[in-house]
Amino acid sequence: MLPSSIQISGEPLSGAEVRDICRGLRDNAVRLLSLRGCRLCDRDFGRICRALAGATSLAQLNLNLGVVSSPSRIKQLAEALRTNRSIQSLFLHGSPLTDAGLALLNPALALHPALVALDLGDCMLGDEAINLICGLLPPDGAKSGLKELTLSANPGITPKGWSRLAIAVAHSSQVRVLNLDYNPLGDHVAGMLAVAVASSRTLEVLDLEGTGLTNQSAQLCGAWCWLRTALAQSCNSRSVTSCLRGRKRKKWQEGPLTPRNGGEGGSLLPISGVAAPGCAPVIPVLRWC
């Protein structure tokens with residue numbers, strides 16, 4: 001039997017449902033388990049953690065919206081992740097982890113051989129958490145490092161923390177998707193992220209919606225993205241596709257508008273751009289959506 005998915009959202013889980021979930025995990029019949037916003041007692045949460053520890057088919061685990069709601073549950077999840085070897089994507093968005101909770105979870109995340117996508121949005125994180133997260137980015141032996149990272153809505157992180165993340169993304173990561181939306185970044189942090197966009201060889205998507213960007217920041221990021229694409233094309237490599245989203249939907253353009261690109265809130269692309277030597281015309285990679 002091929003692995004299936006279990007997706008339950010915002011409901012209290014009965015003992016019978018928990019038993020079915022555990023049975024599916026033990027039988028390696030579940031590839032995706034999503035319990036987003038579900039309510040269950042600590043005993044049942046522990047039962048699920050013990051079952052997923054030995055699951056070899058589980059690739060995606062979604063515990064968003066407060067399922068991991070206490071230090072004891074964080075410890076139980078960490079213990080399961082130390083044994084599990086199959087989970088590729090872990091979603092904890094909206095969990096009250098704080099820096100202390102992530103410190104409990106971090107050793108298991110750092111040693112997990114398959115984890116490539118991590119959502120820690122709205123987890124009440126600060127600068128100490130950023131230091132731990134930066135350690136998860138670079139490849140390490142059999143580990144590929146994180147390729148998708150979400151840190152949305154963590155206003156406790158200061159510019160110093162974001163600076164540390166920008167440096168890590170630029171120099172030692174395999175990150176392709178970086179979601180930083182709804183954090184009060186401002187122009188200073190946006191400038192450092194622009195350098196990260198230009199320096200990273202892997203970054204494809206950067207979400208900055210609701211981060212307080214001004215036109216100046218948008219133009220700076222757009223210029224770096226344009227340069228990065230030109231360099232990638234001139235080196236005959238895959239160009240970056242960086243998606244920058246802004247709260248005020250500011251529009252940055254390098255050419256006249258066309259019906260294709262002039263819609264409200266959509267991407268603004270020029271009819272043509274300056275081509276790198278020997279390459280097709282360059283399309284700027286800045287898109288507001």
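Visitor: Why is Asp42 called partly exposed?
Guide: Asp42 has a relative accessible area of 41%. Buried means under 20% and exposed means over 50%, so Asp42, at 41%, counts as partly exposed. Keep in mind that this is a predicted model.

Visitor: What makes the contact of Arg73 and Asp42 a salt bridge?
Guide: The N to O distance between their side chains is 2.8 Å. The rule asks for a side-chain nitrogen of Lys or Arg within 4 Å of a carboxyl oxygen of Asp or Glu, so the pair of Arg73 and Asp42 qualifies. Side chains of opposite charge can pair when their charged atoms come close.

Visitor: Which parts does this pair tie together?
Guide: Arg73 belongs to helix H3 and Asp42 to helix H2, so the bridge ties together parts that are 31 residues apart in sequence. As for Arg73, its relative accessibility is 6%, so Arg73 is buried.

Visitor: How many salt bridges does the rule give?
Guide: The count comes to four. Among them is the one between Arg47 and Asp44, at 3.1 Å from N to O. These two are three residues apart in helix H2, so about one helical turn separates them.

Visitor: Are Arg47 and Asp44 buried or partly exposed, and how do you know?
Guide: Arg47 has 22% relative accessibility, so Arg47 is partly exposed. Asp44 has 8%, and because buried means under 20%, Asp44 counts as buried.

Visitor: What makes Arg82 and Glu79 a salt bridge?
Guide: Their closest N and O atoms are 2.9 Å apart, and the limit is 4 Å, so the pair meets the rule. Arg82 and Glu79 are three residues apart in helix H3, about one helical turn. Arg82 is partly exposed at 39%, and Glu79 is partly exposed at 48%.

Visitor: Which residues of H7 are buried?
Guide: They are Gly186, Val189, Ala190, Gly191, Leu193, Ala194, Ala196 and Val197.

Visitor: Which residues touch the most other members of the largest nonpolar core?
Guide: That core has 71 residues, and the ones touching the most other members are Leu25, Leu33, Ile48, Leu120, Leu151, Leu165 and Leu180. Elements giving two or more residues to this core include helix H1 (15-26), strand E2 (30-34), helix H4 (98-111) and helix H6 (159-172). In soluble globular proteins, nonpolar side chains tend to be buried together.

Visitor: What is Leu180 in contact with?
Guide: Apart from neighbours within four places in sequence, its contacts include Leu151, Trp162, Leu165, Leu193, Leu206 and Thr211.

Visitor: What makes E1 and E8 edge strands?
Guide: Eight strands form an open sheet in the order E1-E2-E3-E4-E5-E6-E7-E8, with parallel pairing. Strand E1 (4-7) and strand E8 (205-207) each pair on one side only, and they are the edge strands. From one strand to the next, the twist averages 5 degrees.

Visitor: How do you know that E7 and E8 pair?
Guide: Strand E7 (residues 177-179) and E8 share three bridges, in the parallel sense. Pairing needs at least two bridges, so these strands meet the rule. The bridge partner of Leu178 in E8 is Leu206.

Visitor: Why is Ser89 called buried?
Guide: Ser89 has a relative accessible area of 14%, and the cut-off is under 20%, so Ser89 counts as buried. Ser89 lies in strand E4 (residues 89-91). Leaving aside neighbours within four places in sequence, Ser89 is in contact with Ala59, Gln60, Leu61, Leu115 and Ala117.

Visitor: Where is Asp122, and what is its phi?
Guide: Asp122 is in the loop between strand E5 (117-119) and H5. Its phi is positive, about 55 degrees, and Asp122 is not a glycine. Its relative accessible area is 39%, so Asp122 is partly exposed.

Definitions and conventions:
Residues are numbered from 1 along each chain as its sequence is written. This is a predicted model: local features need pLDDT of at least 70, side-chain atom pairs count only at pLDDT 80 or more; totals for chains, interfaces and linings use all residues. Side-chain values use heavy atoms; hydrogens and water are left out. A nonpolar core is a set of buried Ala, Val, Leu, Ile, Met, Phe, Trp, Tyr and Cys residues joined through side-chain atoms within 4.5 Å. Buried means under 20% relative accessible area, exposed over 50%, partly exposed in between (1.4 Å probe, protein chains only). Helices (H or I, at least four residues) and strands (E, at least two) are DSSP runs, numbered from the N terminus. Contact means heavy atoms within 4.5 Å. Axes are lines fitted to C-alpha atoms, for helices over the stretch in contact, and angles run from 0 to 180 degrees between N-to-C directions.
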